[in-house]
Amino acid sequence: MFKANDNFSKISENYLFSAVSRRVDDYCKANPGVDVIRLGIGDVTLPVSRAAVDELIKASSEQAARETFVGYGPEQGHPFLIEAILKNDYAARGIELSSDEIFISDGAKSDLGNIGDILSKDNTVAITDPVYPVYRDTNLMAGRRVITIPCLASNDFVPTVPRDVIPDVIYLCYPNNPTGTSLTYDQLKVWVDYAREHKSLILFDSAYEAYIQHSDVPHSIYEIDGAKECAIEFRSFSKTAGFTGLRCGYTVVPRELVSHDGYCLNDMWRRRQCTKFNGASYVVQRAAAALYTPEGKLQVKENIGYYMTNARMLIQGLADAGLTVYGGIDSPYVWVKAPAGMDSWSFFDLLLNRCRIVATPGVGFGECGESFVRFTAFNSRMNTEEAARRIKLLSKHTQSII
Ligand code: PLP
């Protein structure tokens, strides 16, 4: 008689996005023909850059000839991509890593979940609140204890190291989804020092690294001394270069990372990947490598610049409406406080009904997200300009309730 993993009963259904689309559908049915601007989506809107697409086409055509066909590759990833990553993302920032410390993946989400395979089920895991729900749900599925660290406006959304319960594993995501805020070197150092002191492991999600503008914000956790002893870093080409559909990312597991009970996590992750993963698609890895060519870098920069201009427009429109805004400087997410007395869903309804704009209710990311909404900069310039204009008009309304 087989049994299912009953830990699944501990995770709630993810109602957030279905609840959002239900409300939007109802609104559109009641108001046929209205142009609703969707600023809730976390998917990019610009196409994949030319340099990557050209390489994708070239690599695909090579698959058609016996001489150039490539089958299974190394599970860890092709050396041409690993070398490009080492040189551009790490050596260029003074970080020394070796090729066996980089693992190419089909995106950060799978690795963020799969990393649990090499960690004990007895670990206590800390996540921030609000949070990207994958960290919480994958650990609840595995039966681990999860504790939350509140990130509040009163503390600029900077998480404070826990003192009552010392977590074994800590997820940090910076630049952050959903708050759009970042951590400075000093703020991240506090966590690295804490993890080293307590022999905790930091799982550092850096999916939005490419959006960093501030010079005092680290691009990699390994810019902090000692981080190689205590941190795994997850990166993704999804938001960097429009690879949400192509699927490619990578994970860094330093060789210095050894568990309290003496296991080398790099050896374990390699063993895990060789057993359960046959590598990211060869043609997609070729496309990812093209992002590190001079043309590729330029195109990535242009795309990020496009979204960041959108973010600035949104911030301006929201500020003009008298609203309090966070994030949107080192990240494509803008985190907005609802007018006084309103919760996330009432503010969502106000934005939908008065501005015909869809945002994401912050409470869907955790209790501390209550009374916030998240806007994304992933939209066309035209839609973003129009959204900012509509939000400004909200000012009369917000003034009366603030
Ligand atoms: N991490 C964060 C914080 C994200 O917001 C996302 C996607 O939205 C991911 C990871 C997943 O990235 P990928 O597309 O590489 O799986």
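1. Salt bridges overall. The whole structure holds 20 salt bridges, each defined as a side-chain nitrogen of Lys or Arg within 4 Å of a carboxyl oxygen of Asp or Glu. This is a predicted model: local features need pLDDT of at least 70, side-chain atom pairs count only at pLDDT 80 or more, and totals for chains, interfaces and linings use all residues. Residues are numbered from 1 along each chain as its sequence is written, and side-chain values use heavy atoms, with hydrogens and water left out.

2. E55 and R286. These two form a salt bridge, with the closest N and O atoms 2.7 Å apart. The pair links distant parts of the chain: E55 sits in helix 2 (residues 50-62), R286 in helix 9 (residues 282-290), 231 residues apart. Helices (H or I, at least four residues) and strands (E, at least two) are DSSP runs, numbered from the N terminus. E55 and R286 are both buried. Buried means under 20% relative accessible area, exposed over 50%, and partly exposed in between (1.4 Å probe, protein chains only).

3. R235 and D89. Their side chains meet in a salt bridge at 3.9 Å, N to O. R235 belongs to strand 7 (residues 231-236) and D89 to helix 3 (residues 79-90), so the pair ties together parts that are 146 residues apart in sequence. R235 counts as buried because its relative accessibility is 4%. D89 also counts as buried, at 14%.

4. D267 and R255. This salt bridge spans 3.1 Å, N to O. D267 lies in helix 8 (residues 265-276), and R255 lies in the loop between strand 8 (249-252) and helix 8, so the bridge ties together parts that are 12 residues apart in sequence. D267 is partly exposed, at 39% relative accessibility. R255 is partly exposed too, at 34%.

5. A network. Salt bridges with shared partners join D35, R356, E386, R389 and R390 into one network.

6. Helix 9. The helix that carries R286 is largely enclosed by the rest of the structure, because 9 of its 9 residues are buried. Among them are Y282, V283 and Q285. The buried residues of helix 9 pack against helix 2, helix 3, strand 2 (102-105) and helix 10. Contact here means heavy atoms within 4.5 Å.

7. Domains. The protein divides into domain 1 (6-48 + 295-397) and domain 2 (50-293). These bounds come from an automatic or database domain assignment. Taken over C-alpha atoms, the domain centres are 26 Å apart. Domain 1 gives 33 residues to the contact and domain 2 gives 45.

8. Interface area. Domain 1 and domain 2 bury about 3,300 Å² between them, 62% of it on carbon and sulfur atoms. Buried area is the accessible area (1.4 Å probe) that two parts lose on being put together, summed over both. V48, D330 and F365 supply 23% of the area that domain 1 buries against domain 2, more than any other three residues.

9. What crosses between the domains?

10. The domain 1 face. Helix 10 gives the most to the side of domain 1 that touches domain 2, with 8 residues.
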